[in-house]
Each structure stands twice: as structure tokens, then as C-alpha cells.
Amino acid sequence: MPAVTAVVGSSSLVVLASAASEGDLSAARAQMGFSLAWHIIVACLGVGLPALTLLAEWLGIRRNSPALKLLARRWARPMGVLFAVGAVSGTILSFETGLLWPGLMGRFGQVIGLPFALEGIAFFIEAIFLGIYLYAWDRLPPRRHLLTGIPIVIAGTASAFFVVCANAWMNQPRGFTLRDGKVVRVDPWAAMLNPASPPQTVHMVLAAFMVASFLTASVYAVALLRGRRDAYHRAGFVLPFTVGAVAAPFQIVVGDWATRFLSDYQPVKLAAIEGVYRTGSHIPLTIGGVAGNNGLEDGLKVPDGLSLLVGYRADTVVKGLDQVPRSQWPAVTGVHWAFDLMVAIGFFLLALGVWLLLAWWRTRRAGDGLLDRRASTLLLALVALAGPASVVALESGWSVTELGRQPWIVYGVMSVRDAVNPAPGLMTGLWLVLVVYAAMTVATVYVLRRLARGTAVPVAPQEADVRGYPVV
């Protein structure tokens, strides 16, 4: 077997090792994929839930609403728990990045280190102000306490931005020059602010707010279906659902922007998404179907649809998978179905938002922004499904981003096989990680359920003076 050479800066570190086996390569990919899929849900809640909490607190202060104030207190508790859990899963991911993919970090660590460093700073800012926010209830005036939560939202959003910038660089590598296999002339800012950063970061941040909003709204939709139509539960439904419904149309516009970006910068990924095998014009848009010998088969085809979406003209030329060797084709069926599922759920969530708008218009109950008792049972049932559906859309979109780049870990520069750790035994690490995440899932669900049943006031053991706080 040939030697594996990892280049760090201007020096070379030569490591003699056998190439990773197919089993270990698959284990590394599965471990990283599972860890990311788990972490991204908690990360989205970590971005969106603080914003919902602050919004509830602000409206509660402004309207002197006990229901909204109580919502803010209740949401603050899982916010702290999820931040801690996200810190653990994020730490696991950071170790996995170095241990599983030394080829990537060894060669390009100096290129993409900046967004990770900035994310660390944002994380610590978020942690500091989260502690202040959670333990400053009744120790600061209400409006001053509200201000301590603003850095949490800003830092959480910034953390998501910086991490997605690193992933965007993997799709559009910039900010370095390869000379004789060595990385030279590194520009970290150009690497972080690469062409893929704007569409990917905006798409991800909006997704975070939508997931947090629809998941929260789904909990209260179930409560409303069970007959708990008091002001507290109506506010807990309407507030997050309104945020998610407002974000939905913007997300669809940004999604269209991201797809057009692919047509210019990652045409192979777009070709895999739509199953375009051959370059040409008048390319149809295919819904469903599976990859066959000549393209997607058994799907619903919209004539000229893809060409119209990409260039607003039926004769727009769309590049196909024939632009690259077949060994560089992504898994067409998986990428295509993940994309279709994401889009379908996105329009489903948009339709729910339009439905709620029409219900509001019909009842003319805009004064307090709460749901009328005559709200449709069907609407509430669909919103109860919208929370899990938003998570499915999130995971589907992330799958498109990652699977559509295959076989590259750094698009067009380094393959996944070249980046993986060649040491044997990666399958053992996969099983260990599965056990750890299973335990984390059980513990997180248990704690959140206990919090949901307990008092609304965040009480630390040393703070007996808040135990008697009156709540509604």
C-alpha cells in the first residue's frame, strides 16, 4: 500500500499506513452522519428557542400578560438543558472531525480554522449570558432581564453561521493554493466567506427558527386538541406557530436561491438532485421516481420544469451527470428523494401558515393574537404533525448537502476516502457512539418531561427565595 502524506502548512508529515478498509470507511461515514443528524436537531432548538423565549417575555411585559410571562419561564428551562446537551454533542463532533478525518484537518485545518475559532467565542458568550438570564429572574428589573437574553440569541445565531460557513467551504473551497500537494497562500477570511456561505447560512438559520417554532407549536397543538383551551396554551400555540409560518415563505425563496446557486457552482449536485444524466435543454422537473439506466424512472415529470426553474426559459441548458466520470456520481435516488421530501414538507408548512392567516382573518381576533376556540380541529392535528415533519425536512436538506457532494469531502479537491483515518477499528467507535447517543437521548427526554411537569420557576438549590413565586 502507498504511504499517506498529510501536509500541514509548509512542512510535511509522512505517515505510513494502509488505506482504510471499506468497512472502516463506511463506519466513519455512518458515525459522522449519525452524530451530525442528532446534533443538528439540538442545535436548531438552541438557535430558535431562545428567540421564542425572549419574544414571549417581551410580549408578556408589554401586554402585562401572565400567560406569556409564564411561557417565557417554562421555555427558559428546556433552553438551558438543550444548550448543555448541545455542548456535549458538539464536543463529540469536534473530536470526531479530528479522529475520523485526519486527512482533512491535517491538510486544511489552517484554512478552515477561523470559523471554528469564532464559533468557540460565540459559544462562550452564549454560555455566559445564558447563565445570567436563567438565574437573574426577579433579581433584575423585567426589562433589564430581557436585555440579558439578547446576546444569547445573537451568539446562538452566530454559532450556527460560523459552523455552516465551514461546511460551505467544503462545498466551495476557497482561500488557499495547492502547490505540489502543499497548502500555501492561505486566506482564512476568503475561505470562510466563500460563495456558498450566503445561501447555506441563511437557509440553515431560517431552518433553525422553523424547526424550533413548529416543534414548540406542535406540543401546544396537542394540548389544545385535548381540550386545554386556556390563554396559556393558546399563546403557547399561536406565538411559535406564527414565527414558523412567517419564516416559511422566506425559506422557500432562499431554497430557490440555493438551488440556482447549485446550477452555477455545483452542477453535479443539482444533476443528482433532479436525476439529469445528460446535459441539455428543455429538461423536465421530476417528482419521485428512482434512478435507472437513462435517468429517473416512474416519476411524475413536469415538461421543461427544471430548465424553467433554473433560467426562466424552457431552452435553458442544464448540465448533467455526464460532465463527470460515473465514479464521481452521488447516490441519485437518495439525494433526489431527500430533496423532494424537503420541498414537499416546506410547502406543507407554508400551507399551514396560510390556513392560520385565513382563520385569523375570519375570526378577526387580532387584538391579543391568540387562537379562537373555533379553530379547526384538522388544523391543530396537522400542526401537531408539523413539528416532527419540520425535523424530517431539516434532516432531508442536510442529507442533500452532504450526499450530493459525494465522493468529495472537499468538493473537487479531496475525496472522502483520502481524508478518512486509515487506522483499523473504526467500527468499534461507531457502536460506542451509538450507545452514548442512545443514553443521551433517553436522559434528555427524561429531563425535559420532568421539567414540563414541574414548577415554571427556574430554581437552583441555593435559591430558596424563589420557591414561593406565584404562577398562573
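Tutor: Start with the cut-offs. A residue is buried under 20% relative accessible area, exposed over 50%, and partly exposed in between. Keep in mind that this is a predicted model.

Student: Okay, try me. Is Phe 34 buried, exposed or partly exposed?

Tutor: Phe 34 has a relative accessible area of 33%, so it is partly exposed.

Student: And Tyr 437, buried or exposed?

Tutor: Tyr 437 is buried, because its relative accessible area is 1%.

Student: Let's do rings. How many aromatic pairs are there?

Tutor: The count is 15 aromatic pairs. Take Phe 34 and Tyr 437: their ring centres are 5.7 Å apart and their planes sit at 85 degrees, so this pair is edge-to-face.

Student: Where in the chain do those two come from?

Tutor: From distant parts. Phe 34 is in helix H1, residues 22-63, and Tyr 437 is in helix H13, residues 426-453. They are 403 residues apart.

Student: What about Phe 83 and Phe 123, stacked or edge-to-face?

Tutor: Stacked. Their ring centres are 5.2 Å apart and the planes are at 10 degrees, and planes under 30 degrees apart count as stacked. This pair also links distant parts of the chain, 40 residues apart. Phe 83 belongs to helix H2 (residues 66-100), and Phe 123 to helix H3 (residues 102-135).

Student: Are those two buried or partly exposed?

Tutor: One of each. Phe 83 has 17% relative accessibility, so it counts as buried. Phe 123 has 25%, so it counts as partly exposed.

Student: Switching to helices. How do H6 and H7 pack?

Tutor: Two packed helices are described by the angle between their axes and the distance between the axes. Here H6 (residues 197-225) and H7 (residues 231-265) pack at about 150 degrees, with axes 7 Å apart. Angles over 145 degrees count as roughly antiparallel, so that is what H6 is to H7.

Student: Is the crossing left-handed or right-handed?

Tutor: The crossing of H6 and H7 is left-handed.

Student: What kinds of residues make that contact?

Tutor: The contact of H6 with H7 has 25 nonpolar residues, eight polar and one charged.

Student: Now the backbone. Where is there a cis peptide bond?

Tutor: Between Gln 406 and Pro 407, with omega about 10 degrees. Pro 407 is in the loop between helix H11 (377-403) and strand S9 (408-410).

Student: Which residues have a positive phi without being glycine?

Tutor: Asn 64 is one of them, with phi about 50 degrees. Arg 185 is another, also with phi about 50 degrees.

Student: Where do they sit?

Tutor: In loops. Asn 64 is in the loop between H1 and H2. Arg 185 is in the loop between strand S4 (182-184) and helix H5 (188-192).

Student: Buried or exposed?

Tutor: Asn 64 is at 55% relative accessibility, so it counts as exposed. Arg 185 is at 64%, so it counts as exposed too.

Student: Last topic, cysteines. How many disulfides are there?

Tutor: The count is zero.

Student: What about Cys 44 and Cys 165, buried or exposed?

Tutor: Cys 44 is buried, because its relative accessible area is 1%. Cys 165 is buried as well, at 0%.

Conventions: Residues numbered from 1 in each chain as written. Predicted model: local features only at pLDDT ≥ 70, side-chain atom pairs only at ≥ 80, totals over all residues. Heavy atoms only, no water. Axes fitted to C-alpha atoms, helices over the stretch in contact; angles between N-to-C directions. Helix = DSSP H or I, 4+ residues; strand = E, 2+ residues; numbered from the N terminus. Parallel < 35°, antiparallel > 145°, perpendicular 65-115°, else oblique. Left-handed = near helix turned anticlockwise from the far one by under 90°. Nonpolar A, V, L, I, M, F, W, Y, C, P; charged D, E, K, R; others polar. Phe/Tyr/Trp six-rings, centres within 6.5 Å; stacked < 30°, edge-to-face > 60°. Buried < 20%, exposed > 50% of the residue type's maximum accessible area, 1.4 Å probe, protein only. Disulfide = S-S within 2.5 Å.
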